[in-house]
Amino acid sequence: MTLVKSRFSTDASAQPGADSGRRRWLAGTARAVAGASLLSLVDPLVRAGAWAAGSDAPEQTEVKIGFIPLTDCASVVMASVLGIDKKHGVTITPSKEASWAAVRDKLLNGELAMAHVLYGLIYGVQLGIGGPRKDMAVLMSLSQNGQAITLSDKLLQAGARDGESLARLMASEKREYTFAQTFPTGTHAMWLYYWLAAYGIDPMNDAKVITVPPPQMVANMRVGNMDGYCVGEPWGARAIMDKIGFTAVTTQAIWRDHPEKVLGASADFVARNPNTARAVTAAILEAGKWIDASPENRRKTAETIAAKSYVNTNASAIVDRMLGQYEDGLGKRWNDAHAMRFSGDGAANFPYLSDGMWFLTQHKRWGLLKEHPDYLATARQVNRIDLYKQAAQAAGIAVPASEMRSSTLIDGVTWDGSNPAAYADAFKVKA
C-alpha cells in the first residue's frame, strides 16, 4: 500500500509565523494579555513572580516543545503566542513535527524538551512497547474529547452509517477492510479498537489496521487507502468538507470527557529541570483557561493555529468543532456539550492516575503487553501529580480531591481504576 502526502500535510521544518492580518491580531492580543484582563485570572503570587525567582527559577529558560498539527496543540501554541510563558520565566518554542514516531524519537534523544503527545505513547515507551524503553513523565493533560472516527463515502454507499451497520456490512461483504490510526499505542488506536469491539468487530482479526500521520489521513482516504480512520481534529471535519467521508462517532460519545493529549517529557529531563517543568505546565494551564474562557477566545485560537506554521488548514475547518458545533456529513447537526476542552477549570488537565492506567489495560487487552503490569505503580511513576499541583497553584487552577475518577464508556462498562487487571481481562473481544 502506498501512502500519499496530503496537500494539507505539514512541513516539519516550518517555524511559527502567520500572515500580516494574524500578526496584527496577535500583537493586540499579546498587549491585552499583558494587562489586567488575563492577569486577573491567576493567583496574586504568580503575578508577583513567586515561581520565577531565587531557587524556583527555571533551570532552562528556552524550551522547545514538539507538536503535531492538530487542534489540541492549541494551549501549547497559545502559551507562546500570548506571552504567558514569559510570565513564568520561560520561552516556549513550538516545533512542528511530521509524525508521532518523530515526536517519540526526539523526546528520547533530547532534541525536544517536551511535547504535545499521545497519552498512550508515553505509557508505551515507559513499558518498552511502541519504541525503546525509557522512563517518561506526564506533566498534565492538555485536553479532553474532540477526536472522531471517520468512515469513507464508499462504506456509506454500501450501507454503513454507524457501528452497528458497519458490523453488518463487514459480516456480509467479505473483503479486506482497512482502518487507520496514528500510533500503535496511542489514543486514536485505542478509541478505534474500543469502538469496533463494542459492535463485535475484532480489530486484530476482522480488519487490517495501518498507521498514518494525522495530516495525511484525508489524502489517503481520498485515494482509497483506507475505509476509515480515527484522528484528532481538524482532520475529521476536513473529510466532510472535502466530501470524502463522514463522522461515524465522536470520541466523546465513546467516553465522555476522556483524556486525550498530554504534556510529556522524559523522566530524566524533569529530574534535571523540575522548575522548568513546573513553569511550562503553569503557563500552558493558563493558556488552556484563556482558550476556554469565551467563544471569542476559541475563535481567535482557531484563527491562530490554522496558520501554515501550525495546523496548516482553513480556520473554518477548526472553529466549529472547537465551539462544539458539529455536523456529521449525513445531515445531522448538534451542539456538543462535551466538545474539546482545554481547561474545564482544571478538570481537563489533572493527570488522573486512572486515566493513565486505562491505557495500560487496553495495551494488555490488545496484546501489546503480554503480562499485566503493576498498573498503579506505573501510573504513580509516570504521572507527575506532585509537579502538577505546584504548577496548578502557580496558575490559580483548582485541583480535584481524588487522583482517580470513574466513567462509563459506550459499551456500558464502567472504569474506575479499582481493579485494572480484572477490567482488562473481562472484555469479550480482545487479542
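## What counts as buried

A residue is called buried when its relative accessible area is under 20%. In this predicted model, D257 has a relative accessibility of 15%, and therefore it counts as buried. D257 is found in the loop that lies between helix α13, residues 251–254, and strand β10, residues 261–266.

Which residues is D257 in contact with, once its neighbours within four places in sequence are left aside? The contacts of D257 are with Q144, N145, H338, R341 and R405.

## The chain as a whole

The protein chain has 431 residues, and buried residues make up 58% of them. Its secondary structure comes to 21 helices and 14 strands. The accessible surface of the chain comes to about 15,500 Å², and carbon and sulfur atoms account for 49% of that surface.

When the contacts between residues at least 6 apart in sequence are considered, 79% of them join residues that are at least 24 apart.

Strand β6, which covers residues 178–181, and strand β7, which covers residues 208–211, run parallel and are joined by four bridges. Within this pairing, A180 has I210 in β7 as its bridge partner.

Together with helix α10, which covers residues 187–198, the strands β6 and β7 make a β-α-β unit, and this unit is right-handed.

Helix α20 covers residues 385–395, and its buried residues are I385, L387, Y388, A391, A392, A394 and A395.

## An enclosed space

Rolling a probe the size of a water molecule over the atoms shows where empty space is left. How many cavities of 30 Å³ or more are counted in this way? The count comes to one cavity of 30 Å³ or more, and the largest cavity has a volume of about 40 Å³.

The lining of the largest cavity is formed by T71, G146, E233, I318, R321, M322, Y326 and M340. Helix α17, which covers residues 316–322, gives the most to this lining, with three residues.

Notes
Residues numbered from 1 in each chain as written. Predicted model: local features only at pLDDT ≥ 70, side-chain atom pairs only at ≥ 80, totals over all residues. Heavy atoms only, no water. Pairing = 2+ DSSP bridges. Helix = DSSP H or I, 4+ residues; strand = E, 2+ residues; numbered from the N terminus. Right-handed = clockwise from strand over helix to strand, strands pointing away. Buried < 20%, exposed > 50% of the residue type's maximum accessible area, 1.4 Å probe, protein only. Contact = heavy atoms within 4.5 Å. Areas by Shrake-Rupley, 256 points an atom, 1.4 Å probe, with all protein chains shown as cover. 1 Å grid on protein atoms, 1.4 Å probe; cavity = no way out; pocket = protein on both sides within 12 Å on 5 of 7 lines; lining within 4 Å. Points joined across faces, edges and corners; volume = space filled by probe spheres on them.
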